[in-house]
Amino acid sequence: MTGLPPVTAPVLAEALDALPARLRRKVDDAVVRAGGWPVTGTADGVTVRVDEATTVTLVTVDGVVCRAADARCSCLLAPNCLHRMAVLALAPVDDGVPVDDAPPVDDAPPAAGRPVDPAAAADPPVGVAGDAVADAAGSPPAPTGRQRAAADGLWRVGVAVLAAGTVGCGVVLRTALLRAVHEARANGLHRAAASGTRVAAGLRAAREGEPQHRLADLTDDLRELLAVSRRLRGDAPAGDLGALLGTARRAYDPQAGLRLYGLCTVPVVADSGYAGVVTYLADRDGRLWMVADLAPGDVGRAAGAGDATVAVGESGLSHRQLTRAGLVVSGGTASESGQLGAGRAVRAARAAGVGWADEPLAGLWAQPLPDQVRRAFGAVALPLPERPAGADLLFLTVRVLGGHDHTVLVGTDDGAVLTLTVADEHTALPHRANLRLLGQAVGARLRLVGRLDPTRRATVQALAVGPVDGDGPGLTLPQSWAGHVDLGYDRLHASQLRAGDGAVAVPPHDRLPDAAVPRPRLGDPALGLLRRQVERVVSGGRAIQALADPTERRLRLARLDLGAHLLAAMGSAARSRPRDAFGRLTDDDGQAFAESWLAVAVYEEAASRASAEASWLP
């Protein structure tokens, strides 16, 4: 069903609470049936036709259903009926976050697929990290009672989600999660609320079989949700409380005059429900800055946002134009991480850009590879608000070795072999088609802007490429592209592949023969096995782990003794069922199993990151 307006989480929760228990068990089946009900727009909302005698009406305020009373059904059981609940469950969820309050942008995955932060529409106020306070002695602040209660609510719902798995998470459990997210955000737990929003979106994508669903992303988001909420439940959480709470808004400070040069433009589609574009720029000293246009939306918004006007001053440039031009900014503001603000006092004028081979951009490719890798791995370990703009990007000069499926193998000048992957799998964006074509340009030397993938060995998500001057194989680009291709927006054509003699290189088939294609480097098999165990629980729930075959021996043979111990403990917790004196099963809240799964997931993430970093460095 399309055309439904967004609904706030409290409305969804209130409608579910109003259902009798006998109807609550039927919600998921009703949602499936509701997918075929026609939707008609009205002056103040929409009308959904259930049958000849029944309609559901949604009344909106500023495009959002804000009260449960604004969702009405004409059937005799209204308002506590399945028709109303099914329509509300199908509608997108409005998280109530203003545009300049959205989560930070640099966690793409994107990165690693991931949360986003729109550029502020006006100069935003100084950020806050919640309402935690320090005591009179100046000791580190502790969460308030309300914050601990909100964190406990998120933890318990996360435990229930893990126990059920994606196969058992229906509307009821997702609504409980959204209610806990709303309570967490209201009490200043912004980081936990953002991860909870992503988990809810991932559960819905898994339930509906959406093509962009990735079990790996959902696993990472659920690990983040449980880890942060567990630490915030206590009186004195370990670590920096400000980083655990997150921020509602970034602080934007005045900047001296900036002379910026466009670098590349990247479409963004986040699991949190935001989509749009981010353009990276560099100043005279080579520091990276970014300007973003992100708002609630899907891949369609991301595909069109590249042609939207940049919201910095009145330069009139679109993002795709800015990536090949320059900008002079006066009276500007920017966050500490390098995201440019868009206040009314900002003045910006178009200026000339430079090619990647010219200063100051050329200096980005002059940095030694080991230094870039250490910087990028250090960046992905930082909380999002503290991550400098573009700190996880790599600037490499590579030679194409060949393509395999939707990956490209490239070699660096010092002999390293790297795997290029798509930055976004959505077919509405040209990432996959462009990368498939680049795999045919064997022998071509390219400058590459890519995002480090911290979970895979020597792997880069390709964002933009440009040809290196020379007479050998390469790319011939239109003059209007100014010497580089933004792989998320520009579409390469086979006629742009150049053979060594200057002729167009048109491969006889879609791909090279398998014997001629180098294979991507595989990760550590033992760590891959451990990762599959972690993801299997997220998919099948606690019951699947209780029946799992023991694999600790293979981990011990690979010298992952701690991982084997933690995996064995998780299996024991999955099978442990307390019984009373008569042998009957008693209530088990599942927290012991969730803590054991979390220990395995945190260990696997740290070990995989260490293994990936080691694959880059001698």
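Guide: One term comes up at once: contact means heavy atoms within 4.5 Å. Keep in mind too that this is a predicted model.

Visitor: OK. Leaving aside neighbours within four places in sequence, what is H319 in contact with?
Guide: The list is T265, V277, T279, V291, A292, D293, A305, G306, A308 and V310.

Visitor: Where is H319 placed, and is H319 buried or exposed?
Guide: H319 belongs to helix α11, residues 319-322. Its relative accessible area is 1%, so H319 is buried; the cut-off for buried is under 20%.

Visitor: Switching to sheets. What is the order of the open sheet of five strands?
Guide: The order is β10-β9-β8-β11-β13, and the pairing is antiparallel.

Visitor: Why is one side of β10 and of β13 left without a neighbour in the sheet?
Guide: β10 (288-296) and β13 (347-351) stand at the edges and have a single partner strand each, so one side of each has no neighbour there. Direction ignored, neighbouring strands in this sheet are turned by 35° against each other on average.

Visitor: How many bridges join β9 to β10?
Guide: Nine bridges join them, with β9 covering residues 274-282.

Visitor: How many bridges join β2 to β3?
Guide: Four, and the two strands run antiparallel; β3 spans residues 45-49. T42 has G45 in β3 as its bridge partner.

Visitor: New topic, aromatic rings. How many aromatic pairs are there?
Guide: The count is two, with ring centres within 6.5 Å as the cut-off.

Visitor: Where in the chain do W365 and F395 come from?
Guide: W365 is in helix α12 (residues 362-365) and F395 is in strand β14 (residues 393-404), 30 residues apart, and the pair links distant parts of the chain. Both W365 and F395 are buried. Ring pairs also tie W356, W365 and F395 into a cluster.

Visitor: What is the bridge partner of F395 in β17?
Guide: The partner is V449. Seven bridges join β14 to β17, and these strands run antiparallel.

Visitor: How many residues of β17 are buried?
Guide: Seven of its eight residues, so to speak of the strand at 445-452, it is mostly covered.

Visitor: What does β17 form with β18?
Guide: They form a hairpin with six residues between them, and A458 in the turn has a positive phi of about 45°. β17 and β18 (residues 459-467) pair in the antiparallel sense over seven bridges. R447 stands opposite G466 in β18.

Visitor: Last topic, helices. At what angle do the axes of α8 and α15 cross?
Guide: They cross at roughly 85° and come within 10 Å; α8 is residues 215-233 and α15 is residues 525-540. The two helices are therefore roughly perpendicular to each other.

Visitor: Which residues of α15 make the contact?
Guide: On α15 they are R531, V534, E535, V538 and S539, and the α8 side includes L215, L218 and R223.

Terms used
Residues numbered from 1 in each chain as written. Predicted model: local features only at pLDDT ≥ 70, side-chain atom pairs only at ≥ 80, totals over all residues. Heavy atoms only, no water. Phe/Tyr/Trp six-rings, centres within 6.5 Å; stacked < 30°, edge-to-face > 60°. Buried < 20%, exposed > 50% of the residue type's maximum accessible area, 1.4 Å probe, protein only. Pairing = 2+ DSSP bridges. Axes fitted to C-alpha atoms, helices over the stretch in contact; angles between N-to-C directions. Parallel < 35°, antiparallel > 145°, perpendicular 65-115°, else oblique.
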